[in-house]
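Subject: Structure handover and notes

Hello,

Here is the structure that I said I would pass on.

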Amino acid sequence: MTDVLPSKGYEHSLISASSELELGWHTEDAFSPHRADWVGLFSLRNSAEVPTTLSYVDTHLVPADIARVLSEPRFVALPDASHEFDASAPPMAPVAVLDGHRDRPVLRIDRDFFQAQDGDAEAAEAFAWIVAHLDANLADVLIGTGDVCFVDNRNVVHGRRPFRAGFDGNDRWLKRVNVVRDLRRTRPGRTDDATRVIG
């Protein structure tokens, strides 16, 4: 469980500690094969009514050629600055944006930290299509003080609208919890059996 609230010096960052810059929609921990199945957002304070954003893929509208490309490992997934990672580790293998059955695919994407592999014009075109599609489906959801919102991290992306933080103890404050259905699936991403922190 982590706190989500604005931090001084991060107003224009691309992570959840930002405020004046919109937090781009994303699958939580999209870079990781051990990412959560659901994300719970519990609003401890949101008196300014800062909206969370949600979007989804309407699978019936995805052209077959676009779906085919998005289902192939032709995309680069980068961890954002809020994660610690070994800079000397080899680059991550390319990933697919859509995985599983065409009618019920698992979505894996981050607006700011995903891109097509260099030189792959077809993948870049497919990525631009899915970004535009998710942008078109984007909706604001108000998670008011005391509310809880659970997001299916397998087929919904979430983000946040920009706001002016006061850093005075009255800013939007969420508790975020990542929930997995099968801890054994995440074991390769944890340092030992006892920890629940996924790197």
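This is a predicted model: local features need pLDDT of at least 70, side-chain atom pairs count only at pLDDT 80 or more; totals for chains, interfaces and linings use all residues.

Residues are numbered from 1 along each chain as its sequence is written, and side-chain values use heavy atoms, with hydrogens and water left out.

Nonpolar cores

The largest nonpolar core has 25 residues, and Val 97 and Ile 109 have the most contacts inside it. A nonpolar core here is a set of buried Ala, Val, Leu, Ile, Met, Phe, Trp, Tyr and Cys residues joined through side-chain atoms within 4.5 Å. Buried means under 20% relative accessible area, exposed means over 50%, and partly exposed is in between (1.4 Å probe, protein chains only). At least two residues of this core come from each of helix 1 (64–70), strand 5 (75–77), strand 8 (114–116) and helix 2 (121–136). Helix 2 gives the largest share, 6 residues. Helices (H or I, at least four residues) and strands (E, at least two) are DSSP runs, numbered from the N terminus.

Leaving aside neighbours within four places in sequence, Ile 109 is in contact with residues including Trp 25, Ala 30, Val 97, Phe 114, Phe 127 and Leu 134. Contact means heavy atoms within 4.5 Å. Another core, of 9 residues, lies apart from the largest one, and among its members are Leu 41, Val 151, Val 156 and Leu 174. As background, nonpolar side chains in soluble globular proteins tend to be buried together.

Salt bridges

The count comes to 12 salt bridges, a salt bridge being a side-chain nitrogen of Lys or Arg within 4 Å of a carboxyl oxygen of Asp or Glu. Arg 68, Glu 72, Arg 74, Asp 120 and Glu 122 are linked in a network of them.

Glu 122 is partly exposed at 36% relative accessibility, and Arg 68 is partly exposed at 39%.

Arg 74 forms a salt bridge with Glu 122 too, the closest N and O atoms being 2.9 Å apart. Arg 74 lies in the loop between helix 1 and strand 5 and Glu 122 in helix 2, so this pair ties together parts that are 48 residues apart in sequence. The side chain of Arg 74 also meets that of Glu 72 in a salt bridge (2.7 Å, N to O). Arg 74 is buried, with a relative accessible area of 14%, whereas Glu 72 is partly exposed at 25%.

Two buried polar residues

His 158 is in strand 11 (residues 156–160). With a relative accessible area of 5%, His 158 counts as buried. Its side chain makes a polar contact with the side chain of Glu 28 at 3.0 Å. A polar contact is a pair of N or O atoms within 3.5 Å; within protein, one must be able to donate a hydrogen and the other to accept it, and residues adjacent in sequence count only if both atoms are side-chain atoms. Not counting residues up to four places away in sequence, His 158 touches Glu 28, Leu 41, Thr 53 and Val 151, among others.

Asn 46 sits in the loop between strand 3 (38–45) and strand 4 (52–56). Asn 46 is buried, at 4% relative accessibility. The Asn 46 side chain reaches the backbone nitrogen of Val 50 at 2.9 Å. Beyond residues up to four places away in sequence, Asn 46 touches Leu 142, Ile 143, Thr 145 and Arg 172.

Gln 115

Gln 115 lies in strand 8 and is partly exposed, with a relative accessible area of 38%. The C-alpha atoms of Gln 115 and Ala 77 are separated by 7.0 Å, and these residues are 38 residues apart along the chain. Leaving aside neighbours within four places in sequence, Gln 115 is in contact with Phe 75, Val 76 and Phe 127.

Regards
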